[in-house]
Amino acid sequence: MAKEIEKVAVIGAGVMGHGISQVFAMKGYNVNIVDVSEEILRKALQNIEWSLSKFAEKKRIRKEDVEAALSRIKATTSYEEAVKDVDFMIEAVSENIELKKKIFSRVDQLAPPHAILASNTSTLSISEMGRATRRPDKVVGMHWFNPPQLMQLIEVIKGDETSDETVDSVVELSKNLGKTPILCRKDVRGFIVNRILGLVFNEAFWTYYRREATIEGVDSSVKYGGGFPMGWFELCDYVGLDIAYEVGKVLYEAYGERFKPCPEVIEPLVKEKKLGQKAGIGFYDWTKGRPRIPFELSDEYDYERSWAVAVNEAAWIIHDDVADPESIDTGMKLGTGWPQGPCEYADRKGLNNILKKLRELYDKYKMEMYNPCPLLVDYVKNGWIGRSAGRGFYKY
Ligand SMILES: NC(=O)c1ccc[n+]([C@@H]2O[C@H](COP(=O)([O-])OP(=O)(O)OC[C@H]3O[C@@H](n4cnc5c(N)ncnc54)[C@H](O)[C@@H]3O)[C@@H](O)[C@H]2O)c1
């Protein structure tokens, strides 16, 4: 069980790996962090030190905790050294299945037999990584959100052969790290949060593509009308257009027409390397800081459309037995800062109203993303339309 996890290895010291290592070290775990060069490791340690000092400045940790956390982190380019006596390994290398499989196979040979091997992948198959080892029952998804030091959510993903014991250990471990884990019961693409977000992005892209609203108009409605922390285009810039584009392709491959991408919107920008905030430009110009979204344009787009497709995808996730409504809602609130989860929103709004909206949109556009999930149709047929009826996604 998680209490026995004391020594961990983090493979990959990039954006996610250094943050994950820091969280472990702050919580008292000894961490070996691995990357391909001394230079990258040096940078990662510098980043960790900087971030720890910020925590101390903000009085979230004591000054002496900075040194203590740093002293628990050992950086090395040697896999042998890093994993030979660990109880837990998490891999956060670049998003490439062949690379990840190679790493899982290598770590499997070098780490003690009891060690749990986890991946921080955003989209790739945990089961495939498990099959690259002799311990697929101990291979699991542990999907953190960026930046790991600040984001509360962790998606724990059960691969085809992951044992319940492994899942329980990683759920417990996440709690010990001060995080909120949600369980993704099946190894499906996009897991929970990126699957819903991917569809909401797509709806916005298609709307813009059809010239029904401008980029600023969509974002204005979503932000000022819907109360979301960022508009979809702004958020997409923040995530990185290259990442959103790749995730979009994976989701389309996995779920088909419901996730039909709108390549005309995102692909040209990716080709021009306009990748969003990190590149200084994407849908918006970021060179002078966060874009100003004009309030006046909020009537251009109906943010209820975003909710409708989000609720529909949540229904599919429940229909496919991937997660329960509570996990979905927690995931969207903690993973993306949504003011409410889609299931609780639908229960307040009325599932009948969501269904009506989806049917209107489906009749108008004939696109699968608006085609109501059978679970939603059944709930409404049963009279389970939400809070007002005492039963919707939740029982009241
Ligand atoms: N960036 C995000 O917002 C985010 C959020 C959640 C999950 N993820 C996932 O986390 C993983 C890492 O993403 P990132 O953004 O930190 O990437 P990154 O490019 O910042 O870091 C990847 C690191 O892996 C290292 N690496 C490559 N090959 C290696 C090898 N053979 N051995 C050891 N190290 C190796 C690279 O040198 C690099 O430092 C990906 O699977 C990504 O999908 C990313």
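**View 1. Parallel pairing of strands β1 and β2 in the predicted model****.** Strand β1, residues 7-11, and strand β2, residues 30-34, are joined by 5 bridges in the parallel sense. Within this pair, Val10 faces its counterpart Ile33 in β2. In general, the strands of a sheet pair through backbone hydrogen bonds, in either a parallel or an antiparallel manner.

**View 2. The open sheet of 8 strands****.** The strand order is β3-β2-β1-β4-β5-β6-β7-β8, and the pairing is mixed. The edges are formed by β3 (73-76) and β8 (180-184), each of which pairs on one side only. From one strand to the next, the twist averages 25°.

**View 3. Helix α1 against the sheet****.** Helix α1 lies across β1, β2 and β3, and also across β4 (88-91) and β6 (139-144).

**View 4. The shell around the ligand****.** The ligand is surrounded by 22 residues, of which Gly12, Gly14, Met16, Ser122 and Asn146 are the closest. Two elements, α1 (15-26) and α5 (97-110), each give two or more residues to this shell. By class, the shell comprises 12 nonpolar, 8 polar and 2 charged residues.

Notes
Residues numbered from 1 in each chain as written. Predicted model: local features only at pLDDT ≥ 70, side-chain atom pairs only at ≥ 80, totals over all residues. Near = placed C-beta within 6 Å. Helix = DSSP H or I, 4+ residues; strand = E, 2+ residues; numbered from the N terminus. Nonpolar A, V, L, I, M, F, W, Y, C, P; charged D, E, K, R; others polar. Pairing = 2+ DSSP bridges. Axes fitted to C-alpha atoms, helices over the stretch in contact; angles between N-to-C directions. Contact = placed C-beta atoms within 7 Å.
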